[in-house]
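Here are my notes after a pass through the model you sent.

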Amino acid sequence: MGRPMHAPRTECLLNLIDQEYAIRDYQSDIPPRWCTGCGDNGILTAVQRLCRDEQLPPEKTVFVSGIGCSSRLPHYMNAYGFHGLHGRAFPVAEGIKMRRPDLHVFVTTGDGDCCSIGAAHWIHAIRYNMNMTVLMHDNQIYGLTKKQASPTSPRGLKSNTTPRGTYLDPLNPLTVTLGVPNVSFVAQAADWIPEVLYDIISQAYRHKGFSFVRVLQRCPEFMPHRFDAWVQDPSLTRLVVHQKGLTLSADTSRTYRNQEIHDPGDIDRAREIASLTEEVPVGILYRNPEVPCYEDLREGERPNTPGLIRTVLDEEFDKFTIWPDDAPDRAPAE
Amino acid sequence: MDGISLELTSPRLLELDPEDAGEKAKMQAQRPALFAGYRDLRRLRYDYPLVLVETDGGSARVQSLTGVVDDLIRRIVPPGPQGKAFRWQLLHMEETVRGLVADGAGGRLSQLWRKAEAQLLEANGKDARDDLVRNLDLARETLETDGEVIDCDDKTPARFLVHAWNTIHASKAKAFRKRVDGLILKLSDILKADFVKSNKARSPEILKSAVGDTFNTDFDFAAMSRVLVEGSHSDMLSAERRQRIEAVLMVLQSQRFYGPGRASGSWVEEVEPYSFIFDNCAAAMDAFRDRLPQMVDFIEALSIAELEIENKYRPDLHDPFFQRFDESELTAEDLALFPSYLVCLRDGESDAAETVRALEAIASGFPVKVLIQTDDIVGDSSPEPPRTSFGGGSARLAAMALGANHAYVFQTASASLFRLQERVLKGLMYDGPALFSIYSGVTRTVSGVPPYLLAAAATESRAFPSFTYDPAAGPDWASRFDIRDNPQPEAAWPVHTLSYEDAELQRISHTGAITHVDFVVCDSRYERHWVPTSRSKWLDTMVPADELLSNGGNCAEPVPYVWTVDADGCLRRTVVDDRLIEGARRCAETWRTLQELGGINNSHARRQLDAARESWEQEREREREALGAGAAAPQPADVLAVAAQPKPKSEPEPEPAVAEEDARSPDEPYIETARCTTCNECTQINNKMFVYNDNKQAYIADPDAGSYRQMVEAAESCQVSIIHPGKPRNPDEPNLAELIERAEPFN
């Protein structure tokens, strides 16, 4: 069949009664318990704005998280949520997407949750390229447990687990993601540039595939001045712009003059930009809408109804069954 | 042209008539000279026989035997000289299968292939045997295509159509089951989730069975049940909603339009799916009417199911809507969900009233696909009036294509069916009614010409032209109507080159057109209208029929003829009378109408073009006169110079943000709201002064709702330094000097 089968009447009826969602409709009863001044608040706001602007029905939206400050976000959203095991946000989200491809799936994870204990799941989630929006809140510290070094902590950072300072260079989540086959969307945002943060999350949401957004996030409590240089000096932030990627308002463009025009289809340049150390790149580094999604590759001809499962299992068992002489007639299955 | 009349030509026909009876018989078994090369179709590689492949949704639903063998050769035969023997063996296999089918053997390709193998092994000596056996084994193992094999005969159009319909039906069924099974699954999930919340699901028995045998002695299920029941919520489905979902499930599971496929478990058992193939229109329409209430129920259930799954069913809004839901609510898209009704009619065999009924059904938009198979195009020879249909056989259906604006119409001869199978599939997939008019090539009064060849000749001679009218292709005739499937569609008659050997064994070639006359001389019913003549009787006034048809011939009393060959392959000029020429004229007229509809030599377009050309010429003439009078017309160089002038630059756009900032008084406190990160610092200091907007970003709602100290503290604690405190508004506030100093870096 060339054309998908629609029931326009139903859609019409649905549209008639569609309610208009405001930001408060996405705010749960629990007020955010992040510290005052925390960058996570800005990410929550951007996500709530996105939900409102896309008018995502709360009952069709799921936020999945692991463990950490970032992973508290599902509690503050009035939508479905799954606060999972440490590092295991991705497998849960993949299961949801596989069984319920009609849901909008968001994953919120942190630098510890994603890049340390959950690294294996992260790598394979990129490769599976299932359609979900991933927000990796990167404050470069374990904040919920009060300051332990994470894989993205800067070298030499003194923390509860590294009293003499960390010994290793930090892991770069951007270059890692860009190095995995089937990568389809990689972007970096900063919580202190809300307009760009919103724009990137919104483009990540619209990208069909595994959209990985690393959000640089300030932790005023345990990493108080970590990002001060970038917050105070816009020239240290390189905004990666392109007509097919991030575009800036006149205001932002005037503040952030350090800009590079970069085609998000160019993965080689994306890897170079991701490797910058002096400057922080912000924008859409890579996007490839052609990469197939795992849920589409594995989509069956028909849903796995209990009836189908029973029929298929029976057929398999029948192959090994020794039938008595008075066995019922076994008609071959269609 | 006026010179041709029955009175003038008939005596001449008599005069030319051969006297020898044997000679005469030989001459009667004649056929058009261009057919001479196709004497034995068994030895030729062509479209037929066809393999009706049973695939589910693939593109190659019907394949030709030749295509299958070519594919096999490409896949397993080594290229170049070392594959030569193998290649020949496979081509022999093809020839043998073709021969078997021509002899009337039917069945699947795999069966015929085995029969052909046996024949081939038998025909080969022992020496070549080992090699042959090995090659045939390999070929058989590689041969993946299988299905019924059909030759070009009187059953071909119906079998082809039914096969295509089944293919479409299978893919439609698949999409349908996927959608409906998905709905059933989701609705069942709602009921299941509800059951899990019920007290019954928390009864000791159910809990025990959920835990399984291994540990069921470790728990006190009664106690567990008590605890769970006490702590449970009571947000169960309302009885009304549960009933509605159950009713919808029942309708979805018991529909009879498509069978359950593999997942028989999710459907109510013992429902026999409906049949949709009929041999008369009345039965098809009755069936449609009988099933209409079920269709309405089903679509209603489908709509409710989708609403329920989205949790958007509002009884106050939707109950009245679904209460008055009836067949008038069914849309074309709804109807497209159900299988279409296929009716196979055969002109001449089916009741004549059936054809009329079919046309009515098509005109009424009923989702029916009608095959009208024609076995005889020219009709019986009767000198009495009415004889207008002679030569205009296709006119009726072409006219209908004009009339039923929304129906898909496809006409062709069975020789082109394979090549045009996509058109058949498109017609079957089309949402509305469709008519397939197919000439089978099996005219009983034609002997010695195989159906495939006759069918091809019908298309070639414009006696049965191919055309497609596809209402889904676009809004206008240019996109809907297509006659490009005909040979040389631009020409009145297709032109071919005839080569032969004369009495001195010299090669002679000449070109000529195939006309309706060539087609008719195959038919024995018309034999009194022609007479074949051998070379000794050729006259100077003889003119080829196509020449006569196009320009009337050059002599006063032209004697029209067509080239034919007799049973021995000898070339004859067959002189024809004006009845046949008249018929050919009528046929040409019909073809010209089709050409016009298809955009070739369209008379309206030509008239417009002529008018435009004339006015353009006049314009040019006037210009020339003006130039002659000495008036300076703009030279090309001037025009270029104008074009090269730079366009006036548009004014640089003002930057409104700057203007806004400039307009703001530096004494006023403000927040760069767009840069706010919602970190709650300021709102915690004073949530009357600092308020979030619709985007959850802070602005100063009321600068007088708090002290200047709070304003300055907020500016200091703002993580992104976007709060500008301005000047104090209350001059009596204590410690103002210190605060103004602290505010300085933020203003």
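1. Start with the largest nonpolar core, which has 115 residues; Val343(B), Val370(B) and Ala458(B) are the ones that touch the most other members. Keep in mind that this is a predicted model.

2. Take Val370(B) from that trio. Leaving out residues up to four places away in sequence, Val370(B) touches Val343(B), Leu345(B), Ala358(B), Ile362(B), Leu435(B) and Phe436(B). Another core, of 85 residues, lies apart from that one, and its members include Leu73(A), Met130(A), Val134(A) and Phe212(A).

3. Some context for chain B: 36% of its 747 residues count as buried. I get 27 helices and 21 strands for its secondary structure. Looking at contacts in chain B between residues at least 6 apart in sequence, 68% join residues at least 24 apart.

4. Over in chain A, have a look at helix α6, residues 119-128. Which of its residues are buried? They are His121(A), Trp122(A), Ala125(A), Ile126(A) and Tyr128(A). These sit on the same side of α6(A), because the arc they cover around the axis is only 160°.

5. What do the buried residues of α6(A) pack against? The partners in chain A are the helices α4 (89-99), α5 (111-117), α7 (173-178) and α12 (294-297), plus the strand β8 (210-216).

6. One backbone detail to check by eye: Asn129(A) follows α6(A), and its phi is positive, near 50°.

Methods:
Residues are numbered from 1 along each chain as its sequence is written. Chains are lettered from A and ligands numbered from 1 in the order in which they are written. This is a predicted model: local features need pLDDT of at least 70, side-chain atom pairs count only at pLDDT 80 or more; totals for chains, interfaces and linings use all residues. A nonpolar core is a set of buried Ala, Val, Leu, Ile, Met, Phe, Trp, Tyr and Cys residues joined through C-beta atoms within 7 Å. A residue is buried if 20 or more other C-beta atoms lie within 10 Å of its own, exposed if 12 or fewer, and partly exposed in between; C-beta atoms are placed from the backbone. Two residues are in contact if their C-beta atoms, placed from the backbone, lie within 7 Å. Helices (H or I, at least four residues) and strands (E, at least two) are DSSP runs, numbered from the N terminus. The arc is that of the directions from the helix axis to the C-beta atoms.
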